[in-house]
Amino acid sequence: MLPTLPHAHLPLLEQATASRGNALLLTGAEYGGGAALARAAFAALNCSGARGMGGEACGVCPSCRALAAGAHPDLLELSPRETTSTGRTARRKIIPIGAVLQSRDKGRDYDTHVFEFLEVRPTYRRRAVLIHGAEYLGAEAANALLKLMEEPPHGALFVLLAGDVRAVMPTLVSRSTRLSVPPLDDPTMHEELARQVAGESSTLDVNGQELVAFAAGRPEVLTHAGEVAAALSAAASLHAALREGLLPTLEAAAYLEKSWTPWHAQALRFVWREETPHARARLDTALDALERALEAYANPGLSFMVFGLGARAALGEAG
Ligand SMILES: [Zn+2]
């Protein structure tokens, strides 16, 4: 499916497509709409059909159809690596030099690196490199990228996405046209959700109020409604189990381990938002410790058990 943008983000699309520069830097929360905006701008720049209001792509020309099929030859997307060549979860997310140039470090090579991608002429109008998490570019990778951004082969466009502009290399920031993607208000989020549910062939069984509250103005969270609902349900089960007793807590913690996704930590923080500030601070400490343990390859079963016990203690429940 082609990205459809919230109306509130259409002026940003106009600015993005009108920019004459070689690089755009879109800042805002992850899932906040930056990635959808980047793809919509790319779609519009390559669209050969009649363009509608706000510069949205037509959706039916060959370029639009290729993008909708997830196989556009002129788009390269890069994300930070979270796993190393040995398959273990990396301690720190990074976009290594191997993503930009052929590097000696074969194990970290990306399938297609930027340099190689930009040697090829665009099939449609303009090739684009979309970089998710620009704050995770390693120094070597950022410097190599900077050289390409100064004189992009075949007039390619670079789109950098970042949550925190202060964490992006200043030289990359100064080379880019910066657009900030603000969170949407709740009424707009409900409209987005309604529009999305209307477009779904299957009926999505989600609590709209809860989903919108959880999303906190980030429209792309709505496209992960199923995963978020599962995470919220697992988090709510654990939260209830903490007061039921030790055994239910350990069972809920074991279930959490089996179903754990990046959404689960956010879901836990969301379900315990109504606890007292003191309890919440202690629960956050237990969750931080769990996330650090998982990053450090600790035994997951044990880590979740320790987390369950710590969370129970945070609520003043004995061992
Ligand atoms: Zn089109």
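How many bridges join strand 1 to strand 6? There are 5 of them, and the two strands, strand 1 covering residues 23–27, run parallel. The model is a predicted one, so to speak of local features takes a pLDDT of at least 70 and side-chain atom pairs count only at pLDDT 80 or more, while totals for chains, interfaces and linings use all residues. Residues are numbered from 1 along each chain as its sequence is written, and side-chain values use heavy atoms, with hydrogens and water left out.

Strands (E, at least two residues) and helices (H or I, at least four) are DSSP runs, numbered from the N terminus, and two strands pair if DSSP finds at least two bridges between them. Strand 5, helix 5 (residues 139–150) and strand 6 together make a right-handed β-α-β unit, right-handed meaning that, with the strands pointing away from the viewer, the path from the first strand over the helix to the second runs clockwise.

How much of strand 6 is tucked away? Of its 6 residues (157–162), 6 are buried, so the strand is largely enclosed by the rest of the structure. Buried stands for under 20% relative accessible area, exposed for over 50%, and partly exposed for anything in between (1.4 Å probe, protein chains only). In a regular strand the side chains alternate between the two faces of the sheet. Here both faces are covered, with Leu157, Val159 and Leu161 buried on one side and Phe158, Leu160 and Ala162 on the other.

Next comes helix 13 (residues 300–314). Its 15 residues reach 21 Å from the first C-alpha to the last, close to the expected 21 Å, which is 1.5 Å times one less than the number of residues. Asn299 caps the N-terminal end, with a side-chain oxygen 2.9 Å from the backbone nitrogen of Gly301. After the helix comes Gly316, with a positive phi near 80 degrees.

Among the buried residues of helix 13 are Phe304, Phe307 and Ser303, and their cover includes helix 9 (225–244) and helix 12 (277–295). Ser303, at 9% relative accessible area, is buried. Leaving aside residues up to four places away in sequence, Ser303 touches Leu290, Ala293 and Ala298, where contact means heavy atoms within 4.5 Å.

Key. Polar contact = N/O pair within 3.5 Å; in protein donor to acceptor, adjacent residues only side chain to side chain.
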